[in-house]
Amino acid sequence: MTVSLAVPDVLVARAQAGDEAALEALYRAFETPVYNLARRMLRRPEDAEDVLQETFLEVVRNIKQYRGEGHLWGWVRRIASTKALMRIRRDQLRATESLDDEPGGRAMHVGANLDLERAFEVLSETSRAVVWLHDVEGYTHEEIAEQMGRSVSFSKSQLARAHARLRRMLNEDVGGATL
Amino acid sequence: MMHCTMEDLGALRAGEGSVWARRHIITCAICQAELEALYQRVAQLKALPTLRPPRDRWPAVRAVMNSERARRRRSRSAWGGTLAAAALLAGVLLVQPSILGQSGNLHAELTQAKQQSATLEDSLQHYDVDGRVLSGHCAAVVAELEDRISDIDGTLATLTQRNVGEQDAELVKLWRQRVGLMRELVTARATRARYVGL
């Protein structure tokens, strides 16, 4: 998702002073991109809603620490992606889900004609997170690895495997190669 | 014939392909098509529709924000109230020691209520009040309880201006009310903690 949200400096200054109306204006400006990011990374809509709430609680608590270095959306997005990744990690710890396990995938026949959005939903949350952060949000593998507490090669291999899986699910025939 | 793996294609897309992959892609129509498909897939991902939150979460964020502000105010006023109560007690001890003897029971009750209140404050710390996400309803309940506790703390702080003889009974009553509200607050926090399984 490409976001170009210009937030007036005066609005940020008011929010930093604790003005509730300004804080709500920031929420209204970023609620959809934050939710979209979290929803694309997480399988359950209610988890994405919780990430939205957690993100803005942190924004409200720490807006004074935002120094105007870079776009505000970049700062908010970083908080949101960190919250979503923390949730993925916590759920994995609780469910002892293997990083390679893709729960929705078992019911899905490889080769079924799915559209990309449905195929993307089938990926594990870890794969979804890596694909979305890298391919859509433009994060580097180094940034993803840092946020996930993993290695760069982990991020790269997750991305490659996710694309290979998407390709199989979409039943793409581009010349007979098997990747 | 050996073809590029998806990792090779990803590296080529990022301009980081190996020497072999960069040479191979020039001559292999299959891998060229795979790379093109990868570009297309990423373009399609970027073009996916924006998903919008089904519910407005601002009321819940605002409720938590306001309850935190109220708690900070309460902490400040409670500290002021404690200082005022300490000053009052010192004054009573110096000026009218006989009153203490007449109201020994009230003092015992006051001490007990204060201890209970302190214990409940400690219990509250176990529920990570700053880090927890609350539902809008729960946050509103917590905010209301904290506001009421804050009001009581404010009243306790102003009691020093009253007649000393009337004050003990009033103090005991207020501290008992405070203990009751603290219990409700702890219950609200504890219920939420069990709900999220933490």
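**Figure 1. Buried residues of helix α1 of chain B.** In α1(B) of this predicted model, the buried residues are B:M6, B:E7, B:D8, B:L9, B:G10 and B:L12. Since 6 of the 8 residues of α1(B) are buried, the helix is largely enclosed by the rest of the structure. The cover over these buried residues includes α8 of chain A, together with α2 (19–27) and α3 of chain B. Just after α1(B), B:G15 adopts a positive phi of about 75°.

**Figure 2. The side of chain B that touches chain A.** In this view, 32 residues of chain B are in contact with 36 residues of chain A. On the chain B side, the elements that give two or more residues are α1 (6–13), α3 (29–46) and α4 (58–95). Helix α3(B) supplies the largest share of that side, 12 residues. By class, the residues of the side of chain B that touches chain A comprise 19 nonpolar, 5 polar and 8 charged.

**Figure 3. Packing of helices α1 and α2 of chain A.** Helix α1 (residues 9–16) and helix α2 (residues 20–41) of chain A pack at an angle of about 125°, and their axes are 7 Å apart. At that angle, α1(A) is oblique to α2(A). The crossing of the two helices, α1(A) and α2(A), is left-handed. From α1(A), the residues A:L11, A:R14 and A:A15 meet A:A22, A:L23, A:A25 and A:L26 of α2(A). The contact of α1(A) with α2(A) consists of 6 nonpolar residues, no polar residues and 1 charged residue.

**Figure 4. Packing of helices α6 and α8 of chain A.** Helix α6 (residues 125–136) and helix α8 (residues 152–169) of chain A pack at an angle of about 100°, with axes 9 Å apart. This angle makes α6(A) roughly perpendicular to α8(A). On α6(A), the residues involved are A:T126, A:S127, A:V130, A:V131 and A:H134, which meet A:S155, A:Q158, A:L159, A:R161 and A:A162 on α8(A). The contact of α6(A) with α8(A) is made up of 4 nonpolar, 5 polar and 1 charged residues. Helix α8 of chain A is also included in what covers the buried residues of α1(B).

**Figure 5. The largest nonpolar core and a separate core.** The largest nonpolar core has 72 residues, and those with the most contacts inside it are A:V34, A:A38, A:V60, A:A84, A:A129 and B:V61. Helix α2(A) gives the most to this core, with 10 residues. In soluble globular proteins, nonpolar side chains tend to be buried together.

**Figure 6. The surroundings of A:A129.** Leaving aside its neighbours within four places in sequence, A:A129 is in contact with A:M41, A:A84, A:L85 and A:I88. Both A:A129 and A:A84 are among the residues with the most contacts inside the largest nonpolar core.

**Figure 7. The position of B:V142 in chain B.** Residue B:V142 lies in helix α7 (residues 136–158) of chain B. With 25 other C-beta atoms within 10 Å, B:V142 is buried; the cut-off for a buried residue is 20 or more. From C-alpha to C-alpha, B:V142 and B:A188 are 6.9 Å apart in space, while 46 residues apart in sequence.

Figure 8. Chain A contains 8 helices and 0 strands, and its elements run α-α-α-α-α-α-α-α from the N terminus on. Of the 179 residues in chain A, 42% are buried. Among contacts in chain A with a separation of 6 or more, 62% are between residues 24 or more positions apart.

Figure 9. The secondary structure of chain B consists of 8 helices and 0 strands, in the order α-α-α-α-α-α-α-α from the N terminus on. Buried residues account for 29% of the 198 residues of chain B. Of the contacts in chain B between residues at least 6 apart in sequence, 79% join residues at least 24 apart.

How values were computed: Residues are numbered from 1 along each chain as its sequence is written. Chains are lettered from A and ligands numbered from 1 in the order in which they are written. This is a predicted model: local features need pLDDT of at least 70, side-chain atom pairs count only at pLDDT 80 or more; totals for chains, interfaces and linings use all residues. Axes are lines fitted to C-alpha atoms, for helices over the stretch in contact, and angles run from 0 to 180 degrees between N-to-C directions. Helices (H or I, at least four residues) and strands (E, at least two) are DSSP runs, numbered from the N terminus. Angles under 35 degrees count as roughly parallel, over 145 as roughly antiparallel, 65 to 115 as roughly perpendicular and the rest as oblique. A crossing is left-handed if the near helix is turned anticlockwise from the far one by less than a right angle, and right-handed if clockwise. Two residues are in contact if their C-beta atoms, placed from the backbone, lie within 7 Å. Ala, Val, Leu, Ile, Met, Phe, Trp, Tyr, Cys and Pro count as nonpolar, Asp, Glu, Lys and Arg as charged, and the others, Gly among them, as polar. A residue is buried if 20 or more other C-beta atoms lie within 10 Å of its own, exposed if 12 or fewer, and partly exposed in between; C-beta atoms are placed from the backbone. A nonpolar core is a set of buried Ala, Val, Leu, Ile, Met, Phe, Trp, Tyr and Cys residues joined through C-beta atoms within 7 Å.
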